[in-house]
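Open the model in your viewer and keep the sequence panel beside it.

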Amino acid sequence: MRTSTFSLTSLPLFLLFFFFFFTLKAITAKNLIPETCKKCAQDDPNLSYKFCVTSLQAAPKSSSADVRQLGKISMNLIRHNITSTRQHIKHLLKNTKLDKFLRAYLEVCLELYSDAIPDIKQALRSYKAKQYRDANVRVTAVYDAPVTCEDGFHEREGLVSPLTKRNNDAVQLSAVALSIIDMLGSLGFKLI
């Protein structure tokens, strides 16, 4: 009589392994965002660990994401920030009583943010195609837009930027994405 290698006595062992594997996977996914953000903040001293964790955890599907998916999520967060900030600048420019210097700097920022939109869209396409070098170049261009925008307001004494928080958020989100792209490169993914 032939005996099966999988008998009823093996079933509890199989179930234990199955439960352990999926529990471990859930714990790993839960810890991935803090661990990823810890690495990102270590690699970039200007990046806030708390901002990184809060931003990524707020995104739908991030709790079950792997590192590659977190990169995509971070770029989608940048896209949302850039688009929203551009709309906010347009709204500010509707004010006919704006100081002429403030208006001039806002117009420069509008142009910078407008140029950043196709860059982040191309960065996402490149990232999805695993063309990490191009994604890195495009996200770096996006990173420069809020920095240049904010710097413009500091050129004139007494002028206060109405975009400081939005600019800082765009910089932080870009830094997260760049760190994740670099992580993928160091994990053996090709930076083609």
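**Stop 1: the whole chain**

Start with a cartoon view. This is a predicted model. Look for helices: the protein has six of them, and zero strands. Read along the sequence, the pattern is α-α-α-α-α-α. Now think about the interior. Of the 192 residues, 38% count as buried.

**Stop 2: the cysteines**

How many disulfides does the count come to? The count comes to two. In general, a disulfide is a covalent bond between the sulfur atoms of two cysteines. Number the bonded cysteines in sequence order, and the pairing reads 1-2, 3-4.

**Stop 3: C37 and C52**

Select C37 and C52. Their sulfur atoms sit 2.1 Å apart and form a disulfide. The link joins distant parts of the chain: C37 is in helix α1, residues 10–43, and C52 is in helix α2, residues 49–58. The two cysteines are 15 residues apart.

Now look along the S-S bond. The torsion of C37 and C52 is about -75°, so this disulfide is left-handed.

Are these two cysteines buried or exposed? C37 counts as buried, because its relative accessibility is 0%. C52 has 1% relative accessibility, so C52 is buried too.

**Stop 4: C40**

Which cysteine sulfur is closest to the sulfur of C40? The closest one belongs to C52, 4.8 Å away. That is too far for a bond, because a disulfide needs the sulfur atoms within 2.5 Å. C40 has 0% relative accessibility, so C40 counts as buried.

**Stop 5: C109 and C149**

Clear the selection and pick C109 and C149. A disulfide joins them, with 2.0 Å from S to S. C109 lies in helix α4, residues 100–128, and C149 in helix α5, residues 132–153, so the pair ties together parts that are 40 residues apart in sequence.

The angle about the S-S bond of C109 and C149 is 100°, and the link is right-handed.

Then colour by accessibility. C109, at 0% relative accessibility, counts as buried. C149, at 1%, also counts as buried.

**Stop 6: E107**

Stay on helix α4 and select E107, which is found there. E107 has a relative accessible area of 42%, so E107 is partly exposed. E107 and I89 are separated by 8.0 Å, though they are 18 residues apart along the chain.

**Stop 7: the positive patch**

Switch to a surface view. Select K61, K72, R79, K121, R125 and K128. Together these residues form a positive surface patch. Helix α3, residues 67–93, supplies at least two residues of the patch, and so does α4.

Which helix gives the most to the positive patch? The answer is α4, with three residues.

**Stop 8: K121**

Finish on one member of the patch, K121. K121 is found in helix α4. Its relative accessibility is 42%, so K121 counts as partly exposed.

Definitions and conventions
Residues are numbered from 1 along each chain as its sequence is written. This is a predicted model: local features need pLDDT of at least 70, side-chain atom pairs count only at pLDDT 80 or more; totals for chains, interfaces and linings use all residues. Side-chain values use heavy atoms; hydrogens and water are left out. Helices (H or I, at least four residues) and strands (E, at least two) are DSSP runs, numbered from the N terminus. Buried means under 20% relative accessible area, exposed over 50%, partly exposed in between (1.4 Å probe, protein chains only). Patches are made of residues with over 30% relative accessible area and no salt bridge: like charges are joined within 9 Å, nonpolar side chains (Val, Leu, Ile, Met, Phe, Trp, Tyr) within 5 Å. Accessible areas come from the Shrake-Rupley method with a 1.4 Å probe; for residues, only the protein chains shown count as cover. A salt bridge is a side-chain nitrogen of Lys or Arg within 4 Å of a carboxyl oxygen of Asp or Glu. Lys and Arg count as positive and Asp and Glu as negative; His and the chain ends are not counted. The place of a charge is taken as NZ of Lys, CZ of Arg, CG of Asp or CD of Glu.
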